[in-house]
Amino acid sequence: MISSITIRNFECHENLTINFNKGLNFIVGNTSSGKSAIVNAIHWALLNKPTGAEYIRRKNDKIAGDCSVKITFNDGQWVERYRGEKINKYVINGKDYYNSVNIPEDYKKLVNINVLNYGPNEKVNFNFRFQHEPLFMLSYKSSSRADIID
């Protein structure tokens, strides 16, 4: 479970820390206040999606600084993802993995996010659902649903 997240220069957030309570948490706010950006930041930190640098906050049409998202888990372990003009790295409990194009295996093990491959080029992620996506598996063909369940 995630106990806190710190977001710096990601989309609309300059510097934001959220401490989560045990159990169910809600993120509420006005339209365009950055709720989806928080979910996007978690997705980027854990799965490196989206790639590129378009999510880095800009000020006066220039990159505002290095972007980072730090996620701390209930057991005290933490991961952090950095991206800037000259830096691209992952950090696991203080250990740096510089210029990693691919997510380091140690990072994958710690965050324990799995994407299920089914069919020739099909993937499903059970951990993330995004705004405007169809309800989970209802939009899939019945044969695809059977492949996932098996």
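Student: Where does glutamate 11 lie?
Tutor: Glutamate 11 lies in the loop between strand S1 (2-10) and strand S2 (13-19). Keep in mind that this is a predicted model.

Student: OK, and what's up with the phi of glutamate 11?
Tutor: Phi there is positive, about 45°, although glutamate 11 is not a glycine. Most residues other than glycine have a negative phi.

Student: Is glutamate 11 buried, exposed or partly exposed?
Tutor: Partly exposed, with a relative accessible area of 30%.

Student: Which residue has a phi near 50°?
Tutor: That's asparagine 93, and the value is positive in a residue other than glycine. Asparagine 93 sits in the loop between strand S7 (88-92) and strand S8 (95-98).

Student: How accessible is asparagine 93?
Tutor: Its relative accessibility is 36%, so asparagine 93 counts as partly exposed.

Student: Switching to the strands: how do S5 and S6 pair?
Tutor: Strand S5 (residues 67-73) and strand S6 (residues 78-83) are antiparallel, with 6 bridges. Cysteine 67 stands opposite arginine 83 in S6.

Student: And what about the hairpin of S5 and S6, how many residues are between the strands?
Tutor: There are 4 residues between them, and in this hairpin glycine 76 takes a positive phi near 90°.

Student: What joins S6 to S7?
Tutor: A hairpin does, through 4 residues. S6 and S7 run antiparallel and are joined by 5 bridges.

Student: Which residue in S7 is opposite valine 79?
Tutor: Isoleucine 92.

Notes. Residues numbered from 1 in each chain as written. Predicted model: local features only at pLDDT ≥ 70, side-chain atom pairs only at ≥ 80, totals over all residues. Heavy atoms only, no water. Helix = DSSP H or I, 4+ residues; strand = E, 2+ residues; numbered from the N terminus. Buried < 20%, exposed > 50% of the residue type's maximum accessible area, 1.4 Å probe, protein only. Pairing = 2+ DSSP bridges.
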